[in-house]
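Me: I have a structure open and want a quick tour. Can you walk me through it?

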Amino acid sequence: MTTLTVDGVGVTLLERPVVDDVSLSVPAGTWVTLVGPNGAGKSTLLRAVSGAVDHVGVIAFDGVEVARLRSRERARLVAVVPQDPARPDGMTVLDYVLLGRTPYVPYLGTESAEDLAVAGELLDTLELRSLSDRMVTELSGGEFQRAVLARALAQQAPVLLLDEPTSSLDLGHAQQVLELVDELRGSRGLTVVSALHDLTTAGQFADHLVLLVDGRVVAQGSAQEVLTEELIRKHYGARVRVVTDPEGGVVVVPLRSRPAGGGRDVGGVA
Amino acid sequence: MSRAGGTEQDTATATLRAVRLPRRWLFGSLAVLLAAVLLGLTVGPAGLPLRGVVTEIVNLLPGVDLAGGLDDRQAAVLWQLRAPRVVLGLLVGAMLALAGAGYQGVFRNPLADPYLLGVAAGAGLGATFAIVSGGNRLLLPLAAFTGGLLGVAATYALGRSVGGRSTNSLILAGVAVAAFLAAVQTFVTQRNSESLREVYGWILGRLLTAGWGEVLTVLPYIAVSAIVILGHRRLLDVLSVGPDEAGTLGVPASRVRLVVVLAATLGTAAAVSVSGLIGFVGIVVPHIVRMLAGSSYRIVLPLAVVVGATFLVVADLVARTVVSPGELPVGVVTAFVGAPFFTLVLRSARRPW
């Protein structure tokens, strides 16, 4: 169980501030989701947390600053499911999952029996066992996404970062993957930070939402607090209806700003 | 991690195995290499009996002294002429193929070859200076080696100054440096046309040996280079997901790239210094291996060593026998034999590259 602290963090890319003075705290074992319009800095903030881009301010895991960690140590603390992972040519699903063991394999060394055991267990958990000899280039989108998740979990890192993990998945597969992450968060005590486009999904799967706009935090809190019609109109320029569903979640329904015929009343939806 | 159902889990994982060079490929390729070496040792202007050659080799083992070896004249041909040349072919072929595969891995570019970053042009210029200055012949390898390293250093400096760590800027810098050095080299050659033939012969590549000197000169460099590159075989597989993802997996891509490029450059410069610019091996052998046996670097690198060595030993055998008593530049043979063979493998590969 690891707590993630982000304090006064800024990232500048090509002389443009992409993330600006962001502070948030992710208690161990919770799921925080970053939402915000395109270009808000969600992916960049995740990249800073994973150590992939330089930042100012403090990003720390249980008080240990990410900038001070060597890449192997960092990879044992934070695992990443990238937005658009590469599919290497001629690599089997098993070998792909074993890539996640890299921070434990000695430099210039090779996988141990324990690494194989970890990978094997994950192949079972993610229902990939029967595909273990298949090439990753031959997998469907949903199968590959599970393989990417298995690779990240093979790092056995207490913090899991998910950058739009469902962008290439249909509704059913998207739900499956997110449910699985939630289950694993429960069973392994993972601390999860994700960036999600779909606001309804974001509200359903996060303990805490952070709304980023132009690199700054403009709102954070529960789904009810962040996913309001007003905030969404203001920052996304979108007209939505926010409905509280009977089970307590929040559903964000996009509305068309003008009816197709023009001039007709929108009363039908109201 | 939970270890529920321990024994069941164990039997299931017992069948899992990380990628590695399949034994049949290892032993198969070694058998072909052995045949190529024996052929290379026995065939030549003065043919040697296979049985005698094998006996001589077995007699190298400590405490073994079989009868039926070669007579003194034949033994001298074997140990002073044939063996050094065959061994040099082994080393150079293995090194060029391995360096090519290494460059392709770190640059994630199938067109990368051992001469990518200006080694060839630099070595060519160095060798040209050594030839036209008419100095000691023994200085030629040293001049070529130094020129090759300087060529790569220039490429690195230029690439850094224009594009930081981007691989494309490095490759483009290599193109610029190579073009510049080649222009200088052509100019120097033109001004010294009496050396044209010799410079040209060197550029086309040849394995000329006088005893074991060349072998002993390049062996340490090639050994170190090969050990370093082969040691990175798993890390090159990790790099195949790209530098960003490799970073999140705990592999600093730029450092791996630097180490592999340095090792490959050192080995290539050493090989080029004694063999000239033998083309085709470094790009074709890794691809043939990849298409036949698999694209993991844990397969490609070790197999490229064996196949590269075999390829050059056979090519050199052809180079020194087809127009006997004359010789063809071995670089001509590698391209002449390699190009059609490569096309054949490309056509029969299951998928387009």
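Predicted model: local features only at pLDDT ≥ 70, side-chain atom pairs only at ≥ 80, totals over all residues.

Me: OK, sheets first. In what order do the strands of the six-stranded open sheet in chain A run?
Reply: The order is S6-S7-S8-S3-S9-S10. The pairing is mixed.

Me: Which are the edge strands there?
Reply: S6 and S10 (216-221) of chain A. Each pairs on one side only.

Me: How much twist, on average, from one strand to the next?
Reply: The twist averages 20°.

Me: Let's zoom in on S7(A). Is it mostly covered or mostly open?
Reply: S7(A), residues 159-163, is mostly covered. Five of its five residues are buried.

Me: Which residues sit on which face of S7(A)?
Reply: Val159(A), Leu161(A) and Asp163(A) are on one side. Leu160(A) and Leu162(A) are on the other. Both faces are covered.

Me: How many bridges join S7(A) to S6(A)?
Reply: Four, and the two strands run parallel. S6(A) covers residues 78-81. Val78(A) stands opposite Val159(A), and Val80(A) stands opposite Leu161(A).

Me: And how many bridges does S7(A) share with S8(A)?
Reply: Five, again in the parallel sense. S8(A) is residues 191-195. The bridge partner of Leu162(A) in S8(A) is Ser194(A).

Me: What unit do S7(A) and S8(A) make with helix H6(A)?
Reply: A right-handed β-α-β unit. H6(A) spans residues 171-188.

Me: Now the four-stranded sheet in chain A. What is its strand order?
Reply: S2-S1-S4-S5, in an open sheet with antiparallel pairing. S2 (16-26) and S5 (64-65) stand at the edges with a single partner strand each, so one side of each has no neighbour in the sheet.

Me: How many bridges join S1(A) and S4(A)?
Reply: Five. S1(A) is residues 4-13 and S4(A) is residues 56-61. Leu4(A) has Phe61(A) as its bridge partner in S4(A).

Me: Which strands of these two sheets does helix H1(A) lie across?
Reply: H1(A), residues 42-49, lies across S1, S2 and S4 of chain A, at about 115° to S1(A). H1(A) also lies across S3 (31-35), S6, S7, S8 and S9 (208-213) of chain A. There the angle to S8(A) is about 145°.

Me: Switching topic. How many residues of chain A are in contact with chain B?
Reply: 34 residues of chain A are in contact with 25 residues of chain B. On the chain A side, H2 (71-77), H3 (93-98) and H4 (113-125) each supply at least two residues.

Me: Which helix gives the most to that side of chain A?
Reply: H4(A), with six residues.

Me: Over to chain B. At what angle do H4(B) and H9(B) pack?
Reply: About 30°, with their axes 10 Å apart. H4(B) is residues 72-107 and H9(B) is residues 213-231. The two helices are therefore roughly parallel.

Me: Is the crossing left-handed or right-handed?
Reply: The crossing of H4(B) and H9(B) is left-handed.

Me: Which residues meet there?
Reply: From H4(B) they include Val87(B), Leu88(B), Leu91(B) and Leu98(B). From H9(B) they include Val215(B), Val218(B), Leu219(B) and Ile222(B).

Me: What about Gly174(B): buried or exposed?
Reply: Gly174(B) counts as buried because it has 25 C-beta neighbours inside 10 Å. Gly174(B) sits in H7(B), residues 167-191.

Me: What is Gly174(B) in contact with, beyond its neighbours within four places in sequence?
Reply: Leu116(B), Leu117(B), Gly118(B) and Thr155(B).

Me: How far is Gly174(B) from Gly213(B)?
Reply: They are 31 Å apart in space, C-alpha to C-alpha. In sequence they are 39 residues apart.

Me: How many C-beta neighbours inside 10 Å does Asp21(A) have?
Reply: 14, so Asp21(A) counts as partly exposed. Arg108(B) has 18 other C-beta atoms within 10 Å and is partly exposed.

Terms used. Residues numbered from 1 in each chain as written. Chains lettered and ligands numbered in written order. Pairing = 2+ DSSP bridges. Contact = placed C-beta atoms within 7 Å. Axes fitted to C-alpha atoms, helices over the stretch in contact; angles between N-to-C directions. Buried ≥ 20, exposed ≤ 12 C-beta atoms within 10 Å, placed from the backbone. Right-handed = clockwise from strand over helix to strand, strands pointing away. Parallel < 35°, antiparallel > 145°, perpendicular 65-115°, else oblique. Left-handed = near helix turned anticlockwise from the far one by under 90°.
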